[in-house]
Amino acid sequence: MNNAFKKAASFVLAAAMSMSLAACGGGSSPTGSAADSAGSATDSTAAKKVDTSEHVKLNMLVLGNKPTNGRMEAAIAEENKLLTKKVNAEISLQYIEWADWQSKYQLALSSGDGSVDLIVTATDWLYAWQSAKKGAFLPLDENMLSTYAPQTYASVPKEDWKDCTKDGKIWFIPEDQYTQYTNHGFYYRGDWAKQAGIDKVTKFEDIEKYLAAVKKNHPDAVPWDVGAPNNLSGLYPGYIQSHTKDTVMLGTDVGNYQIFYYDNSNPYKAICPIMDSNEFVDFAKLMKKWGDAGYWRSDVLNYQGDTTNLMYAGKSGADQHHTQSYITDRRPNMDAKQPGSNLQFYYWGMENKNVNKDLDTHGAMAVSATSKNPERALMVYDLIRNDKDIYYLHNHGIEGKDYVMKDGKLDHPTGWDATKDALDTNFWAGRMDKYEPDATNWYSGKNEIYKELSSFAGKYALGKFAFTPDNVSSEIAAVADVCNTYIPSIAYGKAGDPTEAVNKFRQALKDAGYDKVLAEIQTQLDAEKTADAK
């Protein structure tokens, strides 16, 4: 999921709830392996346990802009032929487009009109637990899953099912067999770093050496071209992650900002580095220094241009996003557009190994509480996730038209253009590593990066915590306004004296009701700790 969308989620989602990726891949058409044969037999067993004599049409709610090139419809039409043959059903996609997606998504969940059967969800950025609490999802159980989604049920480990279970009910199916890292960091040009005698950026402070070198050696480029409207917090999250053992507490956002954390040694204690730590003052001072040095544009607080494309054009020396984007997008594009640039990636927490793996429920699938055909919906999901023919049609399209295979890797036909020809079915709720070979243009060092991260990355400690802000909604709104006033200006060195700015910010937070919000989070955390101990 794109970070620009992710950052804006919480407050609008909260209000809508009475408070609230995508990866390339592909593969050749299957030729009838033993696993496929076993899967077909299991499909038939499930089909016998439900009356499939009536043809049903199912609807899956997905996020993203609906493609207009006809490729999605063509692939789904072929997929529906197979679904009809196997379980006498067909699927269509209902898109929640990115413009005002938070409100539209929650509106679709709350409509209750029975028009949706399967729902792409997530516990971190789509607030799945809150949606379940509001009654949007059908509670599932082992008998239902083993009957109607037998392949999925058997392949998901018990521990992963526990991550989807509350109050004795399973609320969604995890995307637990797809490997990705969406931990964020800083992209920089290896060629420009080498020119300046910098071997590699391995800690946050090394960024300054690189930016200074770009400023000196490449006057036609901005060291880090960035616009605050698309990156409101600047480098603050990365600074905290790289200088502490703190982790952002998901689902406790105030407006567009994540200010509440937990210490990794005590996850049930809510903390706020902005209020309580010297690190935030140090960060403010450093950003003031960098801003004064001209490491980003002077109109950074208002600029809304596409700074990634400016890096591709050689006009910016850096960019900021996550591991998956580096592997599948930024590095390949830089190799093509700036040959020899050798784009590198320093991820937040590299120096202190403060990185978490993606949640198994960073993508998940739920059955709508108002689905008229929940059993068939599960059967169709089981096939999309596990049947190789159907998976490839749904996620990669029609071989020869949407993709081709080269030496075991995914490629596209000659003349294929992502801006015009992309499939965009956005099945971020059941992707499988075994059906997602690398694309030919992906960075060849992917496996080394994954191996390094997997050697130490931890597990997010509060995967089932679902903060409900109803009791402090007005205070959250006020705190969000204060954050919007202070965080961008501090993060880009535009707030005047940094110590004075931080002190004013902290007082304004208290005046807005920060203490009440923190206390409510802690109250709910205490209850979660008790529940988790059972």
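Between which domains does the second largest pocket lie? Domain 1 (56-179 + 359-458) and domain 2 (184-357 + 462-533) both give residues to its lining, so the pocket lies between them. The domain bounds come from an automatic or database domain assignment.

The model is predicted, so local features need pLDDT of at least 70 and side-chain atom pairs count only at pLDDT 80 or more, while totals for chains, interfaces and linings use all residues. Residues are numbered from 1 along each chain as its sequence is written, and side-chain values use heavy atoms, with hydrogens and water left out.

**The two domains**

The centres of domain 1 and domain 2, taken over C-alpha atoms, are separated by 30 Å. Contact (heavy atoms within 4.5 Å) links 26 residues of domain 1 with 22 residues of domain 2.

**Pocket and cavity**

Both kinds of space are found on a 1 Å grid over the protein atoms alone. A cavity is a set of points where a 1.4 Å probe fits but cannot get out, and a pocket is an open set with protein on both sides within 12 Å along at least five of seven lines. Lining residues have an atom within 4 Å of a point. A volume is the space filled by probe spheres set on the points, and grid points are joined across faces, edges and corners.

| Space | Volume | Lining by class |
|---|---|---|
| Second largest pocket | about 1100 Å³ | 14 nonpolar, 14 polar, 15 charged |
| Second largest cavity | about 70 Å³ | 8 nonpolar, 4 polar, no charged |

In these classes Ala, Val, Leu, Ile, Met, Phe, Trp, Tyr, Cys and Pro are nonpolar, Asp, Glu, Lys and Arg are charged, and the others, Gly among them, are polar.

The pocket has 43 lining residues, and Trp129, Asp163, Leu462, Gly463 and Lys464 lie nearest its centre. Helices (H or I, at least four residues) and strands (E, at least two) are DSSP runs, numbered from the N terminus. Helix H23 gives the largest share of the pocket lining, 5 residues. The lining of the cavity includes Trp129, Leu462 and Gly463, and draws at least three residues from each domain.

**His243**

His243 is found in helix H12 (residues 236-243). With 28% relative accessibility His243 is partly exposed, a class between buried (under 20% relative accessible area) and exposed (over 50%), with a 1.4 Å probe and protein chains only. Beyond its neighbours within four places in sequence, His243 is in contact with Phe204, Glu205, Glu279 and Asn352. The side chains of His243 and Glu205 are joined by a polar contact of 2.7 Å. Such a contact is a pair of N or O atoms within 3.5 Å; within protein, one must be able to donate a hydrogen and the other to accept it, and residues adjacent in sequence count only if both atoms are side-chain atoms.
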